[in-house]
Amino acid sequence: MSETDVAIVGSGATGTLLAARLAAKGLKVVILEGGPNRIPAQLISSTVWSRRLKWAGPQVRLAGDEPLPFPFEAGWGRGGSALHHYACWFRLHREDFGIASLHGVGRDWPMHYEDLRPYYDTLQREIGVSGDAEREVWRPPGDPYPMPPQPVYRQAELISRGFERRGLRVAPLPMAINSVPYNGRPACIQDGWCDAGCPTGALANPIAIFAEALERTGVKTLYRAAVTRLVSDASGHRVQAVEYFDSHGQRHALRAHVVILAAFAVQNPRILLNSSSSQHPAGVANSSGLVGRCLMSHGAVNLYGMFDEPTENHLGRTGGQLFSQEHYRTGKPGPFEPGYTLRIGNALKLGDIGGIANARADLYGAALTDFMRRAAVNLGTMSALCDSLPSVSNRVELSSEKDAHGAALARVVHSFDDETRRTIVAATEEGKKLLQDAGAREVWAAPPRTEHLMGGTLMGTDRARSVTNGYGQTHDVENLFIAGPGLFPTSGAVNPTFTALALAARSADYILAQWTGLRAAA
Amino acid sequence: MSVAPDTGRRSFLGRLIALFVLGRLRAARASETAPRLLLSASQRATLMASAEILVPGATAAGVVEFVTAMLAREDPLLCYRFVSLPIPVVQFYQAALSEIDRCCRQQHGAVLSELDAQRQNAFIGALARGALEDWRGPPQPLVYFLLRNDAVDVVYGQVASYQRLQIPYMAHITPPSGWPPV
């Protein structure tokens, strides 16, 4: 049995950030990654070949009225889902941290915005975020962005006319994509291949931003290491080791003083639930019964307009060019009124799930050919991202099916509540009007969908109503931490990666501050 | 051609998939240890005919070669990857294509490629809406969705597709030509 100071499960955004932070202070860190290694040279610009980056691990059974698109959202291999993320790095709003106090629904976060602000500020400076803080009138207090905003192309200019005519404001999308060379990484060339993984390093994926630090500090990553369970000590208060299988099917146990699960919002609960023992009959860290519960996804909808003018929709970034939060929730106490963010002017490819051909999935034959010819030149798009509240019925649970190593597969049940469905309808109607006001000749919306995965291992102050404290440390097991958006008590209505990283940076500081105690207790 | 947009498609599809999965799970498990069989000649012919109706140009763009090459891979890069069904992908395609064949013969006394354009379009439109009667295969809208996306992949997913529409491809790393089963 090998041993390390810190074992991290998952090599995605939060796992690699924690590894870099902890190893920089001299801790010996091992990352266990279920998928293969990836190098930038493998990030082929193709809507087909890029599917290699999407989940290909143990299957996840999907159920509910709005099943989560887990295989599309999750990543497979080094870099995890952040290797193909769109780098829309929003901050949560101040009021997002106190939904329950303000509105009597959902849950409060175990911290205030001011607790997380220093981490947002530090990360955007260290990693690089482009944007225009002054034009983001909805943004909570924070340092200005270290890079100017990204360029805006014809598609976003056209659509923003609709906002202007209605007296609504837009701002450049804050993106962890270089608008100018920054920290030794080049500027984006605006080719819209973000979903295929960015091999130049202009987009802040985990390889671009942490590979050098991990190598310099001696972090060891084991690829194709399928973690099946955590092994607790006799007291049940500590995790002793992480059990995993290598690519030859050989079982191993890695002892660690601290274990961090950073394997995303479905596999983290799956590992905890699969680790049941006499000390933890319902799974590790599950005295609350909430492991796997309150899984969340944003309600989302893609909105389309066909313009008479060319839109240059092949230019820019997949995540969009501009955004508006004029329909975001306010911090005013009272009944909960869900809000949404509108992201404007996504760069489009012809094929794939989010491509032009699926903007009208009902078309085929000659009608599709005609549509493709027009849409490739004249289509404009934006998307709405809507609030979603936690519900215990939305969950990760164990399936009766097993993976190749005998560990139960995850089954994910997800349905929107009526509030979220109404918000999607409202955002759809508003978005269509805005596109009409922008001058689009034809306007339509795709069927509603889910976007992002959050919750399932909620953090909170009450151990009966949460799985971890505000630092991601599980209430039940002192040397076990969770990282990633699975910690979110509520979703907000923005992309989650920046906040997940800010939380991970905060956890790293906490682990380092508590290290003597965490280790001494071993 | 188009079919009416169905905003409840996701939940409806979910229930259809669940029903189909329950029925096929036992068979799928039994075949897990069997060698991976690819498509028969008639299944390939049905794939070609369906794809050409769905996305004109699919045959010339190599849809049959694409799907069979992908099915031979350990990790097929088809949109099937995103639906997470407990049925091996090859078995899904075999079942879907054979059922199109059987259903078409039953309704029209001929296979899909032998129908005139009007009846071909009507058949595919009914498949999209889940309206083919006495259908015994995987959920019809799911079959439509996957076959259509396979055809889109070859007709609109290659460098030449962008050149044809005069849209810059702008690759960082240009994809290999063809679909090697590796």
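Two residues are in contact if their C-beta atoms, placed from the backbone, lie within 7 Å. This is a predicted model: local features need pLDDT of at least 70, side-chain atom pairs count only at pLDDT 80 or more, and totals for chains, interfaces and linings use all residues. Residues are numbered from 1 along each chain as its sequence is written, while chains are lettered from A and ligands numbered from 1 in the order in which they are written.

**Exercise 1. Find the contacts of A:Val242, leaving aside its neighbours within four places in sequence.**

Step 1. Start with the partners A:Ala7, A:Val9 and A:Leu32.

**Exercise 2. Describe the open sheet of three strands in chain A.**

Step 1. Helices (H or I, at least four residues) and strands (E, at least two) are DSSP runs, numbered from the N terminus. Two strands pair if DSSP finds at least two bridges between them.
Step 2. The order is 3-14-13, with mixed pairing. Strand 3 (60–63) and strand 13 (395–402) are the edges, each pairing on one side only.
Step 3. Strand 13 and strand 14 (residues 408–413) run antiparallel, joined by five bridges. In strand 14, A:Arg411 is the bridge partner of A:Glu397.
Step 4. Helix 7 (residues 264–273) of chain A lies across strand 3, strand 13 and strand 14, at about 65° to strand 13. Axes are lines fitted to C-alpha atoms, for helices over the stretch in contact, and angles run from 0 to 180 degrees between N-to-C directions.

**Exercise 3. Work out which parts of chain B touch chain A.**

Step 1. Chain B has eight helices and zero strands. Of its 182 residues, 38% count as buried.
Step 2. In chain B, 40 residues are in contact with 47 residues of chain A.
Step 3. Helix 1 (9–31), helix 2 (41–54), helix 6 (117–129), helix 7 (140–156) and helix 8 (159–164) of chain B each supply at least two residues of this side. Helix 1 gives the largest share, five residues.

Terms used:
A residue is buried if 20 or more other C-beta atoms lie within 10 Å of its own, exposed if 12 or fewer, and partly exposed in between; C-beta atoms are placed from the backbone.
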